[in-house]
Amino acid sequence: MMKQTGPDMDMVNLLRDHGIAPTLQRLEIASALFSDKRHVTAEQLLEEINLGSNPVSRATLYNTLRLMSAKGLVRELIVDPARVVYEPRTTDHHHIYDVTTGELMDFDAESQWMTEALRLPSEFELIGIDVIVRVRGARGRRLNTLTARSDIGHNAFQLSAPES
Ligand SMILES: [Zn+2]
């Protein structure tokens, strides 16, 4: 991986915009996290960062992820108690998790129907809805062979597998 000599100003501004002081280590962590929009565990990030020239400690990494999560810069996703993944928070979306392979797939779905079904009392403000749909593929079918669709109606989503 090519290393930049100066600080990445986009990343500096991104941290500042979220009220996070852009220290060298935080920039390093943010760069690793935002280099690829994916779901990554803290340990994977640690490994990746520490291959570079500015290693960070595990404690710093966890503290930074906690801070970024609290500031809304990254999303912390508790897939199961033993697996927490992080991803840059872009748009709101939901997840499908294959419990056998550990694969995680994004899908967009209108949250409107869930909001309506919930009938949250008006003295509460809805902050967000995160859905994790847990599946197990039959006959070795993998999640990445599916396409999630949310354009078929406001109250449903459909998963389809290509004809084979
Ligand atoms: Zn996601």
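Which residues have the most contacts inside the largest nonpolar core? The points below take up this question and then turn to the rest of the predicted model.

1. The core. The largest nonpolar core consists of 13 residues, and those with the most contacts inside it are Ile29, Leu33, Leu45 and Val74. Helix H2, helix H4 and strand S3 each supply at least two residues of this core. The largest share comes from H2, which provides four residues. As a general background, nonpolar side chains tend to be buried together in soluble globular proteins.

2. Leu45. Leaving aside residues up to four places away in sequence, Leu45 touches Ile29, Ala32, Leu33, Val40 and Leu61. Two of these partners, Ile29 and Leu33, are themselves listed with Leu45 among the core residues that have the most contacts.

3. Helix H2 spans residues 24-34, and its buried residues are Arg26, Glu28, Ile29, Ala30, Ser31, Ala32 and Leu33. The cover over these buried residues includes helix H1 (9-17), strand S1 (40-41) and helix H3 (42-49). It also includes H4, strand S2 (74-80) and strand S3 (83-88).

4. The packing of H2 and H4. The axes of H2 and H4 lie 10 Å apart, and the two helices pack at an angle of about 70 degrees. An angle of 65 to 115 degrees counts as roughly perpendicular, and H2 and H4 are therefore roughly perpendicular to each other. On the H2 side the contact is made by Gln25, Arg26 and Ile29, and on the H4 side by Thr60, Leu61 and Thr64.

5. Three strands form an open sheet with mixed pairing, in the order S5-S4-S6. Strand S5 (104-107) and strand S6 (132-135) are the edge strands, each pairing on one side only. From one strand to the next, the twist averages 25 degrees. Strand S4 (residues 94-98) and S6 run parallel and are joined by four bridges. Within this pair, Ile96 has Val133 of S6 as its bridge partner.

6. Confidence. The protein chain has a mean pLDDT of 82, with 82% of its residues at 70 or more. Confidence is highest in helix H4 (residues 58-70), at a mean of 95, and lowest in strand S7 (residues 147-149), at 61. Over residues 151-156 pLDDT stays under 50, and the model has five contacts beyond four places in sequence for this stretch. Where pLDDT is low, the predicted coordinates should not be read in detail.

How values were computed: Residues are numbered from 1 along each chain as its sequence is written. This is a predicted model: local features need pLDDT of at least 70, side-chain atom pairs count only at pLDDT 80 or more; totals for chains, interfaces and linings use all residues. pLDDT is the predictor's confidence in each residue, from 0 to 100. Two residues are in contact if their C-beta atoms, placed from the backbone, lie within 7 Å. A residue is buried if 20 or more other C-beta atoms lie within 10 Å of its own, exposed if 12 or fewer, and partly exposed in between; C-beta atoms are placed from the backbone. Two strands pair if DSSP finds at least two bridges between them. Axes are lines fitted to C-alpha atoms, for helices over the stretch in contact, and angles run from 0 to 180 degrees between N-to-C directions. A nonpolar core is a set of buried Ala, Val, Leu, Ile, Met, Phe, Trp, Tyr and Cys residues joined through C-beta atoms within 7 Å. Angles under 35 degrees count as roughly parallel, over 145 as roughly antiparallel, 65 to 115 as roughly perpendicular and the rest as oblique.
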